Amino acid sequence: MHASALPKRTYLYGIENLRALAICMVVLTHCQYFVLLDNIYARFIRFVLSDVTAVFLFISGFLLHHIEAQKFNYKNFLAKKIKFVFLPYIFYMIPATAAGLFMHQQDAYQLSVPAYISWSLLVGGPVIVPLWFVPMVMLCFMAVPVLLHMTRMNQWVVGMVLSA
């Protein structure tokens, strides 16, 4: 079936709004203020935020399938992810890694300079720890064609489990 003959997918504002809320909640999970407090409110907030990353990933996977499943172009998809995810990550990680080397962080972790650079770029190193997920999510982006193929083969359960 030609791409122009496919039915146009509707934009799911409610789901997009839920994804935006989930992103905000993921950011809140990195707020150390709730960890330091030990009262009923802080415990409730920690409980609410405890699995929000899985919720965000599920919503993102659903939207990817809803929007891209029938007209997916891997080259364009990956180009966007490189432009909007990977390059900003490198933009921040190179100076951060250089700063870590300048402060001799590799000595504190008993790493050689090449090992420290690799560790910093692959998992965020000690300088920008919250960015550990970027290399992981890039691997997920590379797996998208396999996941979408599984959904086309009516193996939707496997696809959903693997994409979550």
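This is a predicted model: local features need pLDDT of at least 70, side-chain atom pairs count only at pLDDT 80 or more; totals for chains, interfaces and linings use all residues.
Ground rules first. I number residues from 1 along each chain as its sequence is written, and side-chain values use heavy atoms, without hydrogens and water. Local features need pLDDT of at least 70 and side-chain atom pairs 80 or more, while totals for chains, interfaces and linings use all residues.

**Helices α5 and α7**

I looked up α5 (residues 74-102) and α7 (residues 113-123); helices are DSSP runs of H or I, at least four residues, numbered from the N terminus. Their axes come within 10 Å and cross at roughly 145 degrees (lines fitted to C-alpha atoms over the stretch in contact, angles from 0 to 180 degrees between N-to-C directions).

For contacts (heavy atoms within 4.5 Å), I noted Y89, M93 and T97 among the α5 residues, and Y116, I117 and L121 among those of α7. The contact residues divide into 9 nonpolar, 3 polar and no charged (Ala, Val, Leu, Ile, Met, Phe, Trp, Tyr, Cys and Pro count as nonpolar, Asp, Glu, Lys and Arg as charged, the others, Gly among them, as polar).

**Rings**

I found 4 aromatic pairs (Phe, Tyr or Trp six-membered ring centres within 6.5 Å; planes under 30 degrees apart are stacked, over 60 edge-to-face, the rest tilted). F91 and Y92 are edge-to-face, at 5.3 Å and 80 degrees. Y116 and W119 are also edge-to-face, 6.1 Å centre to centre with 70 degrees between the planes.

I then checked accessibility (buried under 20% relative accessible area, exposed over 50%, partly exposed in between; 1.4 Å probe, protein chains only). F91 is exposed at 59%, Y116 is buried at 0%, and W119 is partly exposed at 29%.

Key:
Helices (H or I, at least four residues) and strands (E, at least two) are DSSP runs, numbered from the N terminus.
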